[in-house]
Amino acid sequence: MKNTIRLGVVGLGNVAVNNYLPFLSRQENVELYCCSRDSEKAKVCAERFGIHACSSLEELAQLQLDAVFILTLEPFHYETACRLLTFSPKRLFIEKPLVARNGQADVCEQDFFDALDLLKRAKRAGTEIAMNFNYRFFDQMIRLRRIVEERKLGVLRQSSWLVHYACWSHCLDLLRWFGGEIAEVSAVGGSCCGTAHLRGRDLAGAFTTKNGGCGTIVGTAGPAFELPLYRVVLQFERGTASFSDLDVELQLEQAGLPYRESFTLGANRSRWDQYAASFEKSLSAYLDSVRTAAPASVGGLEGVRELQLEAALRRSAATGGRVNLDREFPISL
């Protein structure tokens with residue numbers, strides 16, 4: 001029998017109730033503890049999912065759990081993590097973006113520096129930070145990564161990204177995952193649009209990668225949620241791939257082959273089914289790492305690098321100049 005692991009959940013909003021607790025509460029040999037600023041919400045979740053409610057963050061931290069999930073609203077990620085780090089927890093798993101004091105549609109330069117500070121604090125505390133970039137666990141993304149490697153499609157030379165801010169940090173992470181580290185960016189800002197729930201200023205950027213690639217990326221909160229939330233085209237040395245909208249579609253053309261391959265969801269699956277499944281796969285991988293004392297598959301440095309790219313794009317749009325990421329936003333741990 002596997003050893004029981006003890007996990008904490010801080011923040012009990014929609015993402016926790018809909019995508020974390022249903023999966024975590026079904027796992028064998030897992031004890032769950034939760035904490036929220038809203039004590040009534042904590043009580044309701046404890047009863048619904050059969051978990052232990054703590055009256056404060058400090059009470060939860062003093063339990064010295066195997067891992068703690070920080071699922072608060074984005075503006076509270078940094079504050080919550082810093083408070084927990086005073087207790088030297090073993091592991092923290094943080095929702096994306098790692099830090100976003102104004103929310104995910106309006107990341108600022110200070111968010112990057114705070115995230116870098118957070119990793120330095122974690123290093124001093126002996127705490128592992130992990131990120132939930134669950135789009136990496138979409139079936140289509142796993143398939144494309146396998147195809148690129150097995151068929152030797154080569155380096156990503158050009159790419160274009162049109163992204164709703166609801167998926168923004170995920171797509172910036174995927175850009176790095178497929179294309180490597182970003183060298184420089186040049187960006188312009190547009191008008192502010194969106195809804196009361198998610199509103200931000202449009203952003204359009206061009207970038208170069210350290211391996212010689214280049215591309216463009218546009219972020220916006222304007223399109224209706226019923227429309228595709230992102231559209232991406234990747235041009236590798238020996239193939240072109242395009243994908244869109246929460247694991248719905250992947251198309252591939254390969255040099256030397258006379259046909260186009262298309263992978264599309266069947267009639268009995270929706271993008272929201274795929275979205276929910278990506279959480280389960282991401283969390284399953286993370287629990288495996290906790291049980292085996294192995295490094296998390298997506299570490300905190302990935303969250304810092306995503307914010308490095310965001311900060312560079314915002315600075316370029318504000319100043320009108322080209323920004324070199326390593327020079328203007330260096331990462332030193």
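Is Cys193 buried or exposed, and what is its relative accessible area? Cys193 is buried, with a relative accessible area of 17%.

The model is predicted, and local features need pLDDT of at least 70, side-chain atom pairs count only at pLDDT 80 or more, and totals for chains, interfaces and linings use all residues. Residues are numbered from 1 along each chain as its sequence is written, and side-chain values use heavy atoms, without hydrogens and water.

**View 1. Cys193 and Cys192.** The closest cysteine sulfur to that of Cys193 belongs to Cys192 and lies 6.6 Å away, too far for a bond. Buried here means under 20% relative accessible area, exposed over 50%, and partly exposed in between (1.4 Å probe, protein chains only).

**View 2. Cys167 and Cys171.** The structure holds 0 disulfides (pairs of cysteine sulfur atoms within 2.5 Å). Cys167 is in no disulfide, and the nearest cysteine sulfur, in Cys171, is 5.7 Å away. Cys167 is buried, at 1% relative accessible area.

**View 3. Packing of helices α4 and α5.** Helix α4 spans residues 77-85 and helix α5 residues 109-125; they pack at an angle of about 15°, with axes 10 Å apart. That makes α4 roughly parallel to α5 (angles under 35 degrees). Helices are DSSP runs (H or I, at least four residues), numbered from the N terminus. Axes are lines fitted to C-alpha atoms over the stretch in contact, and angles run from 0 to 180 degrees between N-to-C directions.

**View 4. Residues between α4 and α5.** Tyr78, Ala81, Cys82 and Leu85 of α4 meet Asp114, Asp117, Leu118, Arg121, Ala122 and Ala125 of α5 (contact: heavy atoms within 4.5 Å).

Methods. Helices (H or I, at least four residues) and strands (E, at least two) are DSSP runs, numbered from the N terminus. Angles under 35 degrees count as roughly parallel, over 145 as roughly antiparallel, 65 to 115 as roughly perpendicular and the rest as oblique.
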